[in-house]
Every structure is written in structure tokens, then in C-alpha cells.
Amino acid sequence: MNIKTIEDIKLLSEDVELECKLANGRDGQGELPKKTLWETYSAFANTNGGTILLGVKEVKGHNFEVEGIKNTQKILDELYSGLENRAVISVNLLKEEDVEIIQIEDKQIIAIKVPRASRENKPVYRTS
């Protein structure tokens, strides 16, 4: 998946390998959508893998627009903390290159590429 522009976002559609989440938090600065993120992470890991885009919101007609994340470091800290905590998720499958901050005009989004879990790591599940 190669996302570089607003037009690329507009062409997206959610499916079994793509999920978009706003991830703005109550204060609008950014917050990891903990429950839904880990559910999507485990679903992708237990099937064929997939991509989670944070900072992208769905609008009418199943279209998407970039909302952006103001504090990407906060989201990344929460993500990596959860991945390393077995009280949150059963296994960390991500490598550094699986998480990318993408600049689209004046906004940033985070792309998380969840790989398919190996047989030894399945089932991947949310523990909290």
C-alpha cells in the first residue's frame, strides 16, 4: 500500500486487510483507540495480515479523509507499550519497519502493517 496524497486516501475502502481509525482522543491531540485497535490487530494477525491507518476518518458513503494526528509520538508510545505488555495483547508481531508515519500535506497519519502470525504465535488475542 503506497499512500502519499489526499487522493490516495480518497481511493481507499475498508476490507479484510484495511481498517481506518480516527485516533484523535478526547483532547484532539491523539490517543490510541485501545479496544478497537487490539481487536483489529489480532483479527489481521490471525488471518492474512493487514494495514491499520490511524488519523483517517470515514465520512458518508464509505469515503475517507485525513484528519491527522497532532501528537504522533504519544500514539507510538502507547502502541509500543501495549505491544510489549502481555496483559494487553498476547504477542508482538511488529518490527520497526511495520510502523510508519506518513505526511500528507500538513497532516500526519500512522500506518501499521500487521503481518500474518505464524502457526506458533496463533491465536493472537487481546488480553484486556
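**Cores**

I began with the largest nonpolar core, which holds 25 residues in this predicted model. I looked for the members that touch the most other members, and found Trp 38, Tyr 41, Leu 54 and Ile 112. Helix 2, strand 2, helix 3 and strand 6 each give at least two residues. Helix 2 gives the largest share, 5 residues. I then noted a second, separate core of 13 residues. Ile 9, Leu 12, Val 56 and Ile 104 are among its members.

**Tyr 41**

I listed what Tyr 41 touches, leaving out residues up to four places away in sequence. The list has Ile 52, Leu 83, Ile 89, Val 91, Asn 92, Leu 93, Leu 94, Val 114 and Val 124. Tyr 41 is also one of the buried residues of helix 2.

**Helix 2**

I checked the length of helix 2. Its 13 residues should span 18 Å at 1.5 Å a residue, and the end C-alpha atoms are 18 Å apart, so the two agree. I wrote down its buried residues: Leu 37, Trp 38, Thr 40, Tyr 41, Ser 42, Phe 44 and Ala 45. I asked what covers them. The cover includes strand 1 (18-21), strand 2, helix 3 and strand 6.

**Helix 3**

Helix 3 covers residues 72-83, 12 residues in total. I get 16 Å from its first C-alpha to its last, close to the 16 Å expected. Its buried residues are Thr 72, Ile 75, Leu 76, Glu 78, Leu 79, Gly 82 and Leu 83. They lie on the same side of helix 3, because they cover an arc of only 165° around the axis. I traced what they pack against: helix 2 (34-46), strand 2 (50-54), strand 5 (99-104) and strand 6 (107-114).

I found a cis peptide bond between Lys 122 and Pro 123, with omega about -5°. Pro 123 sits in the segment after strand 6. I then looked at Ser 90, in the loop between helix 3 and strand 5. Ser 90 touches Pro 123, along with Val 124, Tyr 125 and Thr 127, not counting residues up to four places away in sequence. Is Ser 90 buried or exposed? I read a relative accessible area of 18% for Ser 90, so it is buried, as the cut-off is under 20%.

**Positive phi**

I noted two residues other than glycine with positive phi. Ala 23 has phi near 60°. It lies in the loop between strand 1 and helix 2. At 6% relative accessibility, Ala 23 is buried. Glu 105 has phi near 55°. Its place is the loop between strand 5 and strand 6. Glu 105 has a relative accessible area of 62%, so I put it down as exposed.

**Whole chain**

I stepped back to the protein as a whole. I count 3 helices and 6 strands. From the N terminus the order is α-β-α-β-β-β-α-β-β. The C-alpha trace spans about 40 × 30 × 25 Å along its principal axes. I checked the radius of gyration: a compact globule of 128 residues would have one near 14 Å, and the protein has 14 Å, which agrees. Buried residues make up 42% of the 128. Of the contacts between residues at least 6 apart in sequence, 67% join residues at least 24 apart. The protein exposes about 7,300 Å², and carbon and sulfur atoms supply 46% of that.

Notes. Residues are numbered from 1 along each chain as its sequence is written. This is a predicted model: local features need pLDDT of at least 70, side-chain atom pairs count only at pLDDT 80 or more; totals for chains, interfaces and linings use all residues. Side-chain values use heavy atoms; hydrogens and water are left out. Helices (H or I, at least four residues) and strands (E, at least two) are DSSP runs, numbered from the N terminus. The expected span of a helix is 1.5 Å times one less than its number of residues. Buried means under 20% relative accessible area, exposed over 50%, partly exposed in between (1.4 Å probe, protein chains only). The arc is that of the directions from the helix axis to the C-beta atoms. Contact means heavy atoms within 4.5 Å. The radius of gyration is taken over C-alpha atoms; the globule rule is 2.2 Å times the number of residues to the power 0.38. Accessible areas come from the Shrake-Rupley method with a 1.4 Å probe; for residues, only the protein chains shown count as cover. A nonpolar core is a set of buried Ala, Val, Leu, Ile, Met, Phe, Trp, Tyr and Cys residues joined through side-chain atoms within 4.5 Å.
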